[in-house]
Amino acid sequence: MQGFILKVTKVRDEDCIVSILTNSEMLETYRFYGARHSNITQGFKIDFELQSDIKFLPKLRGVMHLGFSWLTNRDKMLFWQQLMRLFYAHLKGTGSVDGFYFDMLENCAQKFGKQNPKRLIIETYAQILDFEGRLHKDKICFICDNEISEEIALARAFLPAHGNCINKNTINFDKLLEFYETKKSINLNDGEVNYLYSVVLEGF
């Protein structure tokens, strides 16, 4: 079985609870500490086995790290782990999940070494919102229900609003709509990418 480690929670001694996203479910597993155990780190993709425990969480066994070359890049790893935290917050407690989420992480991980992390993350975020039917392409402010004439501000989950309604800076709507349609950030400048990334950090 393969999956991405979304969260590692230390418990007694050096044991930990490991939250793993596979292509079909969110797993909560128990990892016993041991000198011969491989490293368990948030963001790693692993191959693993589970040992059932009717009284507690399944035990994580036979872990093998399926590495990406960019994991040794500290800056990229920090961006990647931030994405893991967002995924965990969004999917925790769900049990069974669509394989779409695993595939999104796999696709993103394959590109992470060569492309700008912020751009990849906002593109992934837009694809998830679209998949879930939550990518709003209209110009109606979710606060006051009035139309937004030109520049648009975005709240969490890219909800559209007037800048003065949510006390935020704005972004050009036409460029935003193009990004929504293509899920590509190539025509966004760095300032616009930073703006969208700041919204992503608010959560899914």
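This is a predicted model: local features need pLDDT of at least 70, side-chain atom pairs count only at pLDDT 80 or more; totals for chains, interfaces and linings use all residues.
1. Now the layout. The domain assignment of the protein gives two parts: domain 1 covers 2-92, and domain 2 covers 125-202. Their centres, taken over C-alpha atoms, are separated by 32 Å. Five residues from domain 1 take part in the contact, along with six residues from domain 2.

2. Next, the area. The size of an interface is often given as the accessible area lost when the parts come together. Here domain 1 and domain 2 bury about 430 Å² between them. Carbon and sulfur atoms account for 69% of that. On the domain 1 side, Phe79, Leu86 and His90 supply 71% of the area buried against domain 2. No other three residues of domain 1 supply more.

3. What about polar links? One residue pair is in polar contact between domain 1 and domain 2, with both residues at pLDDT 80 or more. The side of domain 1 that touches domain 2 has three nonpolar residues, two polar and no charged.

4. Gln81 sits in helix H1, which spans residues 74-91. Is Gln81 buried or exposed? Its relative accessibility is 15%. The cut-off for buried is under 20%, so Gln81 counts as buried. Leaving out residues up to four places away in sequence, Gln81 touches Thr41 and Gln42.

Definitions and conventions
Residues are numbered from 1 along each chain as its sequence is written. Side-chain values use heavy atoms; hydrogens and water are left out. Helices (H or I, at least four residues) and strands (E, at least two) are DSSP runs, numbered from the N terminus. Buried means under 20% relative accessible area, exposed over 50%, partly exposed in between (1.4 Å probe, protein chains only). Contact means heavy atoms within 4.5 Å. Domain bounds come from an automatic or database domain assignment. Buried area is the accessible area (1.4 Å probe) that two parts lose on being put together, summed over both. A polar contact is a pair of N or O atoms within 3.5 Å; within protein, one must be able to donate a hydrogen and the other to accept it, and residues adjacent in sequence count only if both atoms are side-chain atoms. Ala, Val, Leu, Ile, Met, Phe, Trp, Tyr, Cys and Pro count as nonpolar, Asp, Glu, Lys and Arg as charged, and the others, Gly among them, as polar.
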